[in-house]
Amino acid sequence: MMEKIFRASILNPIDANTWRFFQDGALGVDQGIIMRMGDFTTMLSQIDADTEVEDLDGVIVPGFVDVHLHWVQHRVRGRFSGELLTWLREYIWPEEARYVDTDFARAAAAQFYGDVLRAGTVMGMSYSSPHAEATQIALTSMRGDWVIGNVLMAINAPRTLTDYSLHDPDALRAFMRQTDITHYALTPRFAPNLTAASLKALGQIAAESPCLIQTHLAESVAELQWVKELFPDAAHYTEVYDRAGLLTPRTILGHCIEMRDEEWRCLRARGSWVAHCPTSNEALGNRRMPLEQVRAYNIPFALASDIGGGPSHSMLHVMQRFLGVHREAGVSVVPQEALYRSTKAGAECMGRGSIGGDLTVGKRADFVLLPQKPAVDSIEHWFEECLSGNPTDLEQRPLGTWLSGARVA
Ligand SMILES: [Zn+2]
C-alpha cells in the first residue's frame, strides 16, 4: 500500500471549546491510518511527487460516534412517542420480540449499518434485543467500530423478552466467552427489569471483565417513581446501580435527567460517563438534561441518538438539537462542543480515544465529507448551516463516509 492524500477543507475537534480548521487541508492515509494532517501546501513539500492525491469538494470532519442507541429499534425510530414506560410496553417491547427471528434480525442489521454509515456514524454503542443470536448477528455483520450488548431483563416485562434474556450469570458468562470482549457491553436494560440480587451478580461480572457497561439512569419522572417502589431502601436511583458495583469509569449511563446533587457526586466519584440524548428526550416528552449540573460536577459526557426513542440516527440532527434545547433554556453552548461531543468525546467514552474520534496522526482514518456552504462568513456559521434541516435531510447530508481510508457510503 502507498500513502494517499485526500485534499479538502478539514475541521478537526480539539476540545469542547476549540477546533482547528484548514481551508486547503490534506489528510495523508496509509493502510487505514492517518499519517499526516494539515495544510495542503505545506504538506506538498514533504511528500513524493508521485503520491496519489484525491480532491474532495467539501469539508472533512471525523466520523461521528453515537454512544447510546438501540439497533433493534431502528426500523421504528420516530414512529411512536408517548410517556417512556407506556411507549416501551406498547410499542418497543413488541418490536424487540421480533428479533427472535434470525432472518429478520439479519436483514434489519444490514439496513441499520448501511443507514448509519450513510449518515456519517462510524463508531458507537448499541443495545441489542435480549436474544443471543440477534446480538451475534449485530456483532458479526458490524460495519464500523461498535460495542453491543444483549439487553438483560428478568422481570417486569413480557415473557417474549424475559424468557430469552441471558440474565442468569452462568449463561451470561458462557455467552461472553464466545464474544470479542472489545466489542461487547454488559447491558442491564434498566433497574426496573432486574432484582437487586441480579444487579449485584452483574456487578460481579463487570468486576471480572474488561468490558464496557451500559444502562439507563433517571430518564423520566414516572421511571423514578417506579424505581422508588421497587427499591424502597435505596437512597436514590443512582445508588441502586452503585450498590451493585455497576458504576465504573467503563460505565455509560443513558440520559441522567432526574438527578439529585448527591447522585451527580456519586457519578463524579465513580468516573462514569453520561450518554446525553437530547432528541430522544424531546421526542418522549422528558425534561432537558441539566447541562449546567453536568458541567458544575465535571461529569464526562458524549452525545447519542437513542434511536428508537430518538427520531433519527443522524448525529447532525442530535447536534442541532443539543445546541437548540440548551440555548432555548438560556444555557450557552457553542458549535465546537457539538462536534467534539459527537466525535472525540464519544471515542474517549468508549475507551477508544487513542484509536479514533478525531483526525490526529496515528488514528484510524474514519471520516465524513460535509458539503461546502458558499457565502458563509465563519466556520462556526458554516457548521451551524450544516446542522439545519429536518432529520431526513440530515440523514442524507454527508457527501460520503470513509472507514480506514476506504469509501463505504
Ligand atoms: Zn436507550
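Student: Why is Pro249 called exposed?

Tutor: This is a predicted model, and in it Pro249 has a relative accessible area of 57%. Exposed means over 50%, so Pro249 counts as exposed.

Student: Where does Pro249 lie, and what is it in contact with?

Tutor: Pro249 is in the loop between helix 9 (237-243) and strand 10. Apart from neighbours within four places in sequence, its contacts are Arg270, Gly271, Ser272 and Trp273. Those contacts rest on heavy atoms within 4.5 Å.

Student: Is His255 buried or exposed, and how do you know?

Tutor: The relative accessible area of His255 is 0%. Buried means under 20%, so His255 is buried.

Student: What can be said of phi at Cys256, and where is Cys256 placed?

Tutor: Cys256 also is not a glycine, and its phi is positive, about 55°. Cys256 sits in the loop between strand 10 and helix 10 (261-270). Its relative accessible area is 0%, so Cys256 is buried.

Student: Which peptide bond is cis, and how do you know?

Tutor: The bond joining Ile307 and Gly308 is cis, with omega about -5°. Most peptide bonds are trans. Gly308 is found in the loop between strand 12 (301-303) and helix 13 (315-328).

Student: Which residues are the protein donors of the zinc ion?

Tutor: The donors are His68 (NE2), His70 (NE2), His216 (NE2) and Asp306 (OD), at 2.1 to 2.4 Å from the zinc ion. Along the sequence the donor residues follow the spacing H-x1-H-x145-H-x89-D.

Student: Why is the arrangement around the zinc ion called irregular?

Tutor: The four donor atoms subtend angles of 86 to 168°. For a tetrahedral arrangement all angles must lie between 85 and 135 degrees. The range reaches 168°, and the arrangement is irregular.

Student: What makes His68 and His70 count as buried?

Tutor: The cut-off for buried is under 20% relative accessible area. His68 has 1%, so it counts as buried. His70 has 3%, so His70 is buried.

Student: Why is strand 6 described as largely enclosed by the rest of the structure?

Tutor: Eight of the eight residues of strand 6 are buried, so the strand is largely enclosed.

Student: How do you know that strand 6 pairs with strand 5 and strand 7?

Tutor: Pairing needs at least two bridges. Strand 5 (residues 64-70) is joined to strand 6 by five bridges, and the two run parallel. Val65 stands opposite Met123 in this pair. Strand 6 and strand 7 share six bridges and run parallel, with Met125 opposite Val147.

Student: Which residues of helix 4 are buried, and what covers them?

Tutor: The buried residues of helix 4 (residues 132-140) are Ala132, Ala134, Thr135, Ile137, Ala138 and Leu139. Their cover includes helix 3 (102-118), strand 6 (121-128), strand 7 (145-152) and helix 6 (169-177).

Student: How do helix 3 and helix 4 pass each other?

Tutor: Their axes come within 9 Å and cross at roughly 35°. The crossing is right-handed. Thr102, Ala105, Arg106, Ala109 and Tyr113 in helix 3 meet Glu133, Ala134, Ile137 and Ala138 in helix 4.

Student: In the open sheet of seven strands, what is the strand order?

Tutor: The order is 3-2-1-4-13-14-15, with mixed pairing. Strand 3 (33-39) and strand 15 (406-407) each have a single partner strand, so they stand at the edges and one side of each lacks a neighbour in the sheet.

Student: In which sense do strand 1 and its partners run?

Tutor: Strand 1 (residues 4-15) and strand 2 (residues 18-30) are antiparallel, joined by ten bridges. Arg7 stands opposite Ala26 there. With strand 4 (residues 52-62), strand 1 pairs in the parallel sense over six bridges, and Phe6 stands opposite Glu54. Strand 4 is joined to strand 13 (residues 367-370) by four bridges, and these two run antiparallel.

Note on methods:
Residues are numbered from 1 along each chain as its sequence is written. This is a predicted model: local features need pLDDT of at least 70, side-chain atom pairs count only at pLDDT 80 or more; totals for chains, interfaces and linings use all residues. Side-chain values use heavy atoms; hydrogens and water are left out. Donors are N, O and S atoms within 2.8 Å of the metal (3.2 Å for Na, K and Ca); water is not among the atoms, so sites may look incomplete. Four donors count as tetrahedral if all angles lie between 85 and 135 degrees; four count as square planar and six as octahedral if opposite donors are over 155 degrees apart and all others between 65 and 115; anything else is irregular. Buried means under 20% relative accessible area, exposed over 50%, partly exposed in between (1.4 Å probe, protein chains only). Axes are lines fitted to C-alpha atoms, for helices over the stretch in contact, and angles run from 0 to 180 degrees between N-to-C directions. A crossing is left-handed if the near helix is turned anticlockwise from the far one by less than a right angle, and right-handed if clockwise.
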